[in-house]
Amino acid sequence: MNKQYKAWIIDDDKSIRWVLEKALERADIATKSFIDAQQALDALTNEKPDVVVTDIRMPGMDGLELLSRLHKEDPALPVIIMTAHSDLDSTVSSYEGGAYDYMPKPFDVNQAVELVLRACAQHKDKVKEQIENNGIRAGNNLLIGVAPAMQEVFRAIGRLSRTNATVLITGESGTGKELVAKALHRHSPRAKKTFIALNTAAIPRDLLESELFGHEKGAFTGAQSQRQGRFEQANSGTLFLDEIGDMPAELQTRLLRVLSDGTFYRVGGHAPVRVDVRIIAATHQGLSERVKKGLFREDLFHRLNVIRIRLPALRERKEDIKLLAQHFLKRIAMEMGEAEKTLSINATDCFLAYDWSGNVRELENVCRWLTVMAPGLEVSSADLPPEMIDVQGKDESVQSSWEDLLKAWAMNDKLSADSEALAAVMPRVEKILIEVALARTRGRRQ
């Protein structure tokens, strides 16, 4: 009979392993025991537990190093640390390392079982949520993807969940770089603090300095009062600087100063302002190339490029297109109070064949357009926006002469000798022409 959960016990003390095995198995928890950390890591390649209970002091690799290794493999796996050395340093180190909980020896067996059950249940919920959503929460939105490239992005977010490291996100426009930044913030130690996003390319050059660093009263015409900039607003939290590659050279110097020592001056100010801000930057440009051309400071590039996450283009993750389309059609229908649309097989084929130069943002916009404009609940290929139909029309098979195709269809035993060819063909031709006309007029029938 299959057990409800699986727990791994790692301790060089045989008696501790025996006690926990018996207690957990009585609670319908399958167990596997190891005498050292390396054995457990080796076994991890073949199976995954729901919880790991490990001693902190063992020969060879200790429990804290094991904790670190396990979190690199699976950030969501709960690890319970137990030790006979119930000192403050061990407790702090356990929690800082990402331990689910801390259990001093000697422990109450019933409390130990209760703790393990709670950890297992939470782990199952996390796994279930990930399977259902195929993504990671990013604020009120969801990062979705089953493609290997997106799973690697999710793993990177998991590995960074306990750190305040500076991150550089690269990828084409519309791939969801701000969503990744929000996910990094949401799953960081600063999650309860402020998240501020600023598109540096969208702010006029002469206003960007004040937008970032604030200004003092009278610093320039129109500065009628002191104003905090984005750095001060994001103090203790996260500041996301989108399109960092477009930042003017003089502001790159000021940004480097803040990253170096955490201080800056407001525009027109004389007193230094100190902040504690985590920087997440993003760009669709190749910063390395801009450095070579002298358009971006090399020292700033190295400051930002501590950890890099590359977001794949949508055409590189075809297996996610249908999943994303279903998600957007459902969400947009709820937002607009409309009936949820579904894609027909032909429409899905068109989605998969389309290049999506605007990436996920373009896909979302198309789903919004279909929610409003598609006449039926099932979206056909004829309902798609004209630009998608035009692209499909460039296929070589469609380029063939329609007269030749009609002739081939008729010759291929489609019409019997005694059938009325005109009566058989005309209704189909009329239907196709009407569908195309409706698609090109975006559903307007007049």
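**Close-up 1. Val-19 in the predicted model.** Val-19 is partly exposed, because its relative accessibility is 31%. The model is predicted. Val-19 sits in helix 1, which covers residues 14-26.

**Close-up 2. The largest nonpolar core.** This core holds 29 residues. Leu-212, Phe-231 and Ile-244 have the most contacts inside it. Several elements supply at least two residues each, including strand 9 (195-199), helix 8 (205-213), strand 10 (238-242) and strand 13 (278-283). Helix 11 (287-292) and helix 12 (298-304) are also among them. Helix 10 gives the most, with five residues.

**Close-up 3. Surroundings of Leu-212.** Residues up to four places away in sequence are not counted here. Leu-212 touches Leu-198, Gly-229, Arg-230, Phe-231, Leu-241, Met-247 and Leu-251.

**Close-up 4. A separate core.** Another core, of 25 residues, lies apart from the largest one. Leu-324, Leu-329, Ala-347 and Val-379 are among its residues.

**Close-up 5. Helix 13 against helix 15.** Helix 13 (residues 321-336) packs on helix 15 (residues 359-373) at about 50°, and the axes are 9 Å apart. The angle therefore makes helix 13 oblique to helix 15. The crossing is right-handed. From helix 13, the contact residues include Leu-324, Phe-328, Leu-329 and Arg-331. From helix 15, they include Val-360, Leu-363, Glu-364 and Cys-367. By class, the contact has 12 nonpolar, one polar and four charged residues.

Note on methods:
Residues numbered from 1 in each chain as written. Predicted model: local features only at pLDDT ≥ 70, side-chain atom pairs only at ≥ 80, totals over all residues. Heavy atoms only, no water. Axes fitted to C-alpha atoms, helices over the stretch in contact; angles between N-to-C directions. Helix = DSSP H or I, 4+ residues; strand = E, 2+ residues; numbered from the N terminus. Parallel < 35°, antiparallel > 145°, perpendicular 65-115°, else oblique. Left-handed = near helix turned anticlockwise from the far one by under 90°. Contact = heavy atoms within 4.5 Å. Nonpolar A, V, L, I, M, F, W, Y, C, P; charged D, E, K, R; others polar. Buried < 20%, exposed > 50% of the residue type's maximum accessible area, 1.4 Å probe, protein only. Core = buried A, V, L, I, M, F, W, Y, C linked by side-chain atoms within 4.5 Å.
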